[in-house]
Amino acid sequence: MDVRNCRGCGRLFNYLSGPDICPVCRDEIEKKYNNVKDYIRDNPGKNINEIAEDNGVTTSQIKQWIREERLQFSEDSSVGIECELCGANIRTGRYCEACKQKIAGKFEESIMKKVDPTPTDTRRKSESNKMRFI
C-alpha cells in the first residue's frame, strides 16, 4: 500500500499509478478538460493563451493534453506546438511524422539485427583436446 500526498490539494490518498494526484483532483482535471474541449469546439480560432485564460487552466496543462493526443489543432490553424526532436510545428503528439518514422525505423532496425547464436571459441584447436590437471 503506497500512501502519498496529493500534489493538487495536499490530501493523503492511496497511490496506484499515474500522476501524484488524488481521485478528487483527477476528477476536477477531467471536468476542466471537457470544458476546454467544448470551448475549443465552439471557438476554433482561439490560441492556447486565450483558451487557458478563458477556462481557468494553465497553458502547460493544455500543452500536456496536446502532447497526450487528447487535443489537437485544426488543419487550418497556424498555431501548434514544437516537435520534441527537430522543433517542427505539429498539431498534436510529441513528434512530427518524419521523426516518428525515424524512431520506428530505429526500433525496427534493432529488432531485425541478427545476433549469431553460436558462441565463438577463442581457444586454439590444439589446446581444446589436451588433458588438464588440477
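**Helix packing**

Biologist: Is the crossing of H1 and H2 left-handed or right-handed?
Modeller: The crossing of H1 and H2 is right-handed (the near helix is turned clockwise from the far one by less than a right angle). Before more numbers: this is a predicted model, where local features need pLDDT of at least 70 and side-chain atom pairs pLDDT 80 or more, while totals for chains, interfaces and linings use all residues. Residues are numbered from 1 along each chain, and side-chain values use heavy atoms, without hydrogens and water.

Biologist: At what angle do H1 and H2 pack?
Modeller: About 125°, with the axes 10 Å apart. H1 covers residues 23–42 and H2 covers 48–55. Axes are fitted to C-alpha atoms, and angles run from 0 to 180 degrees between N-to-C directions.

Biologist: Which residues make the contact?
Modeller: From H1 it is Asn35, Val36, Tyr39 and Ile40. From H2 it is Glu50, Ile51, Asp54 and Asn55. Contact means heavy atoms within 4.5 Å.

Biologist: And what is the angle between H2 and H3?
Modeller: About 115°, with axes 9 Å apart. The crossing of H2 and H3 is right-handed too. H2 contributes Ile48, Asn49, Ile51 and Ala52 to that contact. H3 contributes Thr59, Ile62, Lys63 and Ile66.

Biologist: Zoom out. How many helices and strands does the protein chain have?
Modeller: Five helices and four strands. Both are DSSP runs (helices at least four residues, strands at least two). Along the sequence the pattern reads β-β-α-α-α-β-β-α-α.

Biologist: How many of the residues count as buried?
Modeller: 19% of the 134 residues in the protein chain. Buried is under 20% relative accessible area, exposed over 50%, partly exposed in between (1.4 Å probe).

Biologist: What about contacts between residues at least 24 apart?
Modeller: They are 18% of the contacts between residues at least 6 apart in sequence.

Biologist: Which members of the largest nonpolar core touch the most others?
Modeller: Ile62, Trp65, Ile66 and Leu71, out of 17 residues. H1, H2 and H3 (59–67) each supply at least two residues of this core. A nonpolar core joins buried Ala, Val, Leu, Ile, Met, Phe, Trp, Tyr and Cys through side-chain atoms within 4.5 Å.

Biologist: What is tryptophan 65 in contact with?
Modeller: Setting aside neighbours within four places in sequence, Trp65 contacts Ile29, Lys32, Tyr33, Val36, Val57, Arg70 and Leu71. There is also a second, separate core of six residues, including Cys6, Phe13, Ile21 and Cys22.

Biologist: Now backbone. What is phi of glutamate 69?
Modeller: Near 65°, a positive value in a residue other than glycine. Most residues other than glycine have a negative phi.

Biologist: Where is glutamate 69 found?
Modeller: In the loop between H3 and strand E3 (81–82). Glutamate 69 touches Thr92, Gly93 and Lys100, not counting residues up to four places away.

Biologist: Last one. Is serine 17 buried or exposed?
Modeller: Serine 17 counts as exposed because its relative accessible area is 51%. Serine 17 sits in the loop between strand E2 (12–15) and H1. Its C-alpha is 9.8 Å from that of aspartate 2, 15 residues away along the chain.
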